[in-house]
Amino acid sequence: MKKIFITSIFLFFTATIFAQQTSFINIKIPDSKTEGTVRLKELSAEAEVYADIAVTKLDMIIENTTASILEGEIEFPLGENESVTGYALDIDGRMRNGVVVEKEKGRQIFEAVVRQGIDPGLVEKTAGNNFKTRVYPIPANGVRHLQITYQTELKNTDRYIFSALPENQLDSFDFKITILKNNALMPKELSDKNTFSFSEMNTGITATISKKNYKLTSPIIFEIPSETSDVQDVYTEDIGSSTYFYFSKKIKAEPEEKTLPEKLTVWWDISSSGEKRNIEKEIQLLETYAARLDNPEIMIVPFCNEVHNAKVFTGNSKQELKKLRDFILSLEYDGATNLDVDFNFAGGDELLIFTDGLSSWKDGSDIQQNISVPVYTINSSPSADHSRLKAIAEKNSGAYINLSNPSADVSYGLKKLLENPLRLIKIEYNKKAVEEIFPSEKSIVDENFSVAGILKKKEADVTLYFGHGTKIENSFTVKISAPDTIQTKNIARQWAIKKINFLNEDYKKNKQQIIETAKKFGIVTDDTSLIVLDTAEDYVRYNVIPPKEDEKLYRRYSELIKNSNNNSAKNNREENSRKIPETVYKDFEAFRKWWNTSPEEFKKKTNLKNKDESDSYEIEPPVLSRLFSAGRNNERENYAAESAYAFTDSLSLEVELEEKEAFAENPSAQNKEASIQLEAWSPDADYLSVLKRTKTNEMYKKYLELKKEHSSSPSFYIAVSDYFAQENLSSESLRILSNLAELNLESTDILRALADKLVEHKYYKHAIQILEKLVTLKSEIPQFLRDLGMAYYLNGEYQKAVDTLYSVAYKHWDGRFAEVQQIALNDMNAIIAECRQKKIKLNLSDIDKKLIQNFDCDIRIILTWNMDDCDIDLWVTDPDEEKCYYGNKLTALGGRISNDFTQGYGPEEFCIHEAPEGTYKIEANYYANHQQKILQPVTVQAEIYTNFGRPDQKRQVLTLELTEKKETFLIGTVNF
């Protein structure tokens, strides 16, 4: 039993700590450069605390101050023991609750309905314990109303803390907390800066505050001291036929001092996100701990996207600790975070890893298993991956020290470092009466310990044993009697949260079970989101069950389901099969017809088209003998033709491609080699002018100064990284570029721009890890798969490249991506031809032999871009001054351009099989942007091939930015 003593505290901690540890609600328009376009107008927060569980609802009014309809995002981090459990959005003047769907499905639905101009809302988890809600539309000069609910277990503290603070001043702010307990004591308010009104109820206490034109700058804290009674309250909730129980207890145990290390290795995260940590607090903890060691050797290893030079400090004198402090304070925070490093290589008897755990560069999930000494993870940022940090430490005989909680001071961290952690060694109970108890055995136990499980019978005893190592030092038994428990809500969901935390210890193995649990109990996780749709028809169309509490909506949904011929199961089977869509064969045959057409036939057909003033015509397939006709590219055509028919009889499980006897050029073509001249992309930016006037050895320092003003601009990092690369500062260039991975967690626009630049600079392994993440985030985008396949190829992983590119052909894509399969097949077949020439073995048994033919070309150009719902056009002007583009898809010289991608990403492909001599001008035109966002520059990448699909193939890449609609940029020329 707890009696309640409530204290509202605004100045209890110093402002410095709060400034670095507060979880701000960040409201913005994605990619906006304009401040104040959208703001949080009103905020009302209501918290209810019962049984050490707090449920907080944020009621928000979002205002759009522009004359445009916009999509908005709200970002907010939550604490270590907090989970989003509810979401609601105003639809037709009423609040509609969100329902849980798988994260990937929720995002796909949201983006599909936004393109239709319909009202959706979505809340999802990004990286770590960071959450984001997306709302569309926010009316021009209007408002939207939404609610977000999160659940907190007060297991490691006797305080309720409200720290999700708005960044801007509010028109109105209201806060109410209700603590439901018997025998509650009237609280005493210590701070007179803000006055709460208190009211006493039979079941507890309510405190409220209301402000106008107010900016909340400090967290609101309520203390809830523990009762010393030996009577153990047990709380239950009945859901269906299951009874869920929950109880908590303070564990008293004698501390056990651990063997202190002689060699301490400290890994210090110096990525850009490290600036959000409370560096002073972390240094104080390290100094205090080092002072307790016996003449230690301390190695500091800075790391971000890569490991930097380490520095060793010997002893713990005041002078040496000052040197250690000065060294850490001298570190610059820049670049992405890579937790996939070998933490063993620096040695040491013990590792301290100071990081927020947000591994933006590489996954780093495997480090839980392979560290040979005790590991302590230490974090002071509110935006962190608490689950990962806890798993890393506990799997390696250490502990996670979370300094981001305002109540966790240096003494709290020091105690954790000096003592062996107390563990739950064993749980005893009748398995016929109780099941699925969490946490599991061997878990580290904090002072406030809680247990949740499922009661199968009316009564049961649960005995818990605690101690250090394997030695039992303490135990207690809780008698659970269903008639005597306290019935309340949110117990089942808290059990589910504990179960998910347990399953996350082996995420890859338990992913599906995590999803099923989260969907059943309405919890947002790494793989589940909450979504709100507009109409019953939308819920039917996207196979989402609407909230049952909206009776009118649910009734209409049920009628539609009953009366419709629902073919979703059949459609799902088709989409998940490897059956090639018929349109792919048609596109492949059409491309073959084009490729087999002679220059003379192109001119003839074009003349007929002009004469008849017809917009459409058909090129007849030539006779087979043309494949072997004499001409300028006779041997090139022989190479391509043999590739086309190499597999017509059969395909073995493993095919070794035959080597060509000769690849010599036709003598008549020796003086017709192609040359590519690319225009240098040099943005007109003041910061580049500053860097150009800076000495080379001082450029990085100057960049860090400039970064303070441009820290949120992707264009800044791209342009500066390019300039550093030009100056042969490759390590600095890569570190600067890697900042894109830290800017906006899970922003596919930014990540694709990053991948494009990594490919351009030939960092293929790094590009692969970013593209693999993109494919996971947006599996419905075929362009990301094509990009990944090409990155595998450029990295020499030919089998992966072929398999990935072929998957673009057999998967079913949205209609806006028509013909992307043919472009991927052209890439795939060129790789197969190259492997044939190099005698590289490929397994082609899963590939339809009707789709294996290498369509070699004199010139091939691919244009892609990083933003969805955006229209960039490829223009190629040939030596006859005829422009090939979406309005003129076939030229008299045989130039061909692919489908016009008007809704995002590309690629657009220009090909000419036999290019007449002359200059081919390549341009990119920014035609339109359909996004409901304030625009940012679009990152465009051009790949230019000469002799594509042949042994002498050459490839050059240019990445640039287009900033204004209707802007045209000269990419370069090909002289043939």
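1. Axes here are lines fitted to C-alpha atoms, for helices over the stretch in contact, and angles run from 0 to 180 degrees between N-to-C directions; helices (H or I, at least four residues) and strands (E, at least two) are DSSP runs numbered from the N terminus. This is a predicted model, in which local features need pLDDT of at least 70 and side-chain atom pairs count only at pLDDT 80 or more, whereas totals for chains, interfaces and linings use all residues. Residues are numbered from 1 along each chain as its sequence is written, and side-chain values use heavy atoms, with hydrogens and water left out.

2. Helix H21 (residues 764-777) packs on H22 at an angle of about 155°, the two axes lying 9 Å apart, and H21 and H22 are therefore roughly antiparallel (under 35 degrees counts as roughly parallel, over 145 as roughly antiparallel, 65 to 115 as roughly perpendicular and the rest as oblique). The contact (heavy atoms within 4.5 Å) involves residues of H21, among them Ile768, Leu771 and Val775, and residues of H22, including Phe784, Leu788 and Ala791. By class, the residues of this contact are 11 nonpolar, no polar and 2 charged, where Ala, Val, Leu, Ile, Met, Phe, Trp, Tyr, Cys and Pro count as nonpolar, Asp, Glu, Lys and Arg as charged, and the others, Gly among them, as polar.

3. Helix H22 (residues 782-794) also packs with helix H23 (residues 798-810), at an angle of about 165° and with the axes 7 Å apart, so that H22 and H23 are likewise roughly antiparallel. Among the residues making the contact are Leu785, Gly789 and Tyr793 of H22 and Ala801, Leu805 and Val808 of H23. This contact divides into 10 nonpolar, 3 polar and 2 charged residues.

4. Strands S41 (residues 938-948) and S42 (residues 954-962) pair in the antiparallel sense over 9 bridges (pairing requires that DSSP finds at least two bridges between two strands). Thr939 stands opposite Glu961 in S42. The two strands, S41 and S42, form a hairpin with 5 residues between them, and Gly949 in the turn has a positive phi of about 75°.

5. The average pLDDT (the predictor's confidence in each residue, from 0 to 100) is 83 for the chain, and 83% of the residues score at least 70. Residues 1-22 have pLDDT below 50, yet this stretch has 80 contacts in the model beyond near neighbours in sequence. Residues 611-671 are also below 50, with 119 such contacts. Where pLDDT is low, the predicted coordinates should not be read in detail.
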